[in-house]
Amino acid sequence: MTILIDSDQVIAGPALVPAAHDLAREAGTELTVGLVNNMPDAALKATERQFMKLLQAAAGARRIRFHCFSLPSVKRSPEARWHVESEYSDLSDLERGKLDGLIVTGAEPIAPELDQEPYWRDLTSLIDWAKTNTRSTIWSCLAAHAAVLHLDGIERRRLPAKCHGIFDCDVVMSDSLTHAAPAPLKVSHSRLNEIAESDLAEAGYQVLTRSAEAGVDVFVRQYASRFVFFQGHPEYDALSLQREYLRDIGRYLARERDNYPRLPVSYFDAGTEEKLARFEKKATHERHPALTNELPGLSLRADIDAGNAAAVLFRNWLRYLGADANAAVAAR
């Protein structure tokens with residue numbers, strides 16, 4: 001299915017007539033963007049909506065033809081598999097389409113090492129294809145870790161504790177991607193591993209933004225395609241981290257994880273953090289799934305505003321795609 005996105009609306013349905021599409025594409029007023037959505041089943045549909053909303057906020061005067069894909073080797077429940085098979089384009093269509101940009105998400109880790117994941121062969125084939133068949137590709141979170149491992153053998157490192165929250169990130173290198181970005185950029189991170197900046201620098205990557213607490217945020221590498229890597233989750237909406245935190249509390253109470261989850265950094269307001277601290281004490285003494293019914297009401301900090309930073313980055317990314325499209329037409 002083709003989804004048409006502009007600043008005013010999102011329409012799912014048939015594509016534009018070919019002639020109109022070709023003219024708009026050559027004028028740089030229309031871009032085709034693919035999303036390879038490998039997120040776990042519980043976040044599958046939310047991730048679609050989040051990226052569509054982000055692209056809509058960033059579109060400006062452009063119209064975006066948006067296509068969803070998923071790696072066939074990512075394990076799915078019957079319901080999620082039905083959604084992918086009925087609503088997503090087949091991954092084989094990726095090579096036949098004319099994509100301007102591609103976004104690739106992470107997936108639920110299953111194996112102890114990335115290169116042992118059941119989807120590793122499909123993902124590395126996609127990485128190799130994207131190097132020469134897109135103008136730019138965004139690799140998000142685990143997908144970023146997998147890409148640098150495949151491209152340059154850079155191993156991610158396990159963190160002593162989960163990096164989880166809203167982090168202030170500073171621009172450390174001037175680049176079109178971060179033009180007019182707010183200072184600092186507030187970015188959602190949720191990960192158990194990291195890529196060391198020293199490893200990236202040694203391999204020739206350019207770090208654009210970093211956080212004193214969370215480390216490297218955005219980094220880039222130029223091939224025939226411009227590869228953009230996010231260690232964070234620019235697509236997350238305001239409640240994404242809350243949903244993850246509550247999920248992890250539920251897993252702890254059900255004895256599906258050993259440790260009680262830490263609070264997301266700079267996310268809940270002070271009153272909510274106090275209530276959650278009291279709930280944690282009770283949960284560690286009365287560990288039972290039914291205790292989730294006693295979770296307090298939650299309120300977020302008023303200064304999160306991570307979506308604004310993400311919209312600026314994606315607006316600049318779309319401008320890069322559009323400028324590259326115009327340059328290609330002019331060179332004919």
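**Entry 1: the nonpolar core**

I began with the largest nonpolar core of this predicted model, which has 39 residues, and found that F66, F314, W317 and L318 touch the most other members. By nonpolar core I mean a set of buried Ala, Val, Leu, Ile, Met, Phe, Trp, Tyr and Cys residues joined through side-chain atoms within 4.5 Å. Buried stands for under 20% relative accessible area, exposed for over 50%, and partly exposed for what is in between (1.4 Å probe, protein chains only). Helix α10 (residues 306-330) gives this core its largest share, nine residues. I take helices (H or I, at least four residues) and strands (E, at least two) as DSSP runs, numbered from the N terminus.

Next I looked up the partners of W317. Setting aside neighbours within four places in sequence, I find W317 in contact with V33, G101, L102, I103, S136, I138, L177 and V228. Contact here is heavy atoms within 4.5 Å.

A note on my ground rules: residues are numbered from 1 along each chain as its sequence is written. Because the model is predicted, local features need pLDDT of at least 70 and side-chain atom pairs count only at pLDDT 80 or more, while totals for chains, interfaces and linings use all residues; side-chain values use heavy atoms, with hydrogens and water left out.

**Entry 2: L31**

I moved on to L31, in strand β3 (residues 30-36). Is L31 buried or exposed? It is buried, at a relative accessible area of 0%.

**Entry 3: the annotated residues**

The UniProt record, an unreviewed entry, marks K162, S190 and R247 as "binding site". I keep in mind that UniProt positions are given in the numbering used here, that feature names are shortened, and that annotations may be inferred rather than shown by experiment. How far apart are the C-alpha atoms of these residues? No two are more than 14.4 Å apart although the residues span 86 residues in sequence, so they gather at one spot.

S190 belongs to strand β8 (residues 185-194) and is buried, with a relative accessible area of 9%. Not counting residues up to four places away in sequence, I see S190 touching C141, K162, C163, H164, H233, Y236, L241 and E244. R247 sits in helix α8 (residues 240-253) and is partly exposed, at 34% relative accessible area.

**Entry 4: the largest pocket**

I then turned to the space itself. About 1,500 Å³ lies in the largest pocket. On a 1 Å grid over the protein atoms alone, a pocket is an open set of points where a 1.4 Å probe fits, with protein on both sides within 12 Å along at least five of seven lines; lining residues have an atom within 4 Å of a point. Grid points are joined across faces, edges and corners, and the volume is the space filled by probe spheres set on the points.

Of the 48 lining residues, K162, S190, L192, E244 and R247 are the closest to the pocket's centre. Elements giving two or more residues to the lining are α2 (41-58), α6 (142-152), β7 (157-171), β8 and α8. Which element gives the largest share of the lining? That is β7, with eight residues.

The peptide bond from A183 to P184 is cis, with omega near -5°, and P184 lies in the loop between β7 and β8. R255, not a glycine, has a positive phi of about 60°; this residue is in the loop between α8 and α9 (270-285) and is exposed, with a relative accessible area of 56%. S266 has a positive phi too, near 50°, and is found in the loop between α8 and α9. S266 is partly exposed, at 30% relative accessible area.

**Entry 5: the whole chain**

Last, I noted the totals. The chain has 10 helices and 11 strands, and buried residues make up 49% of its 332 residues. Of the contacts with a separation of 6 or more, 73% join residues 24 or more positions apart.
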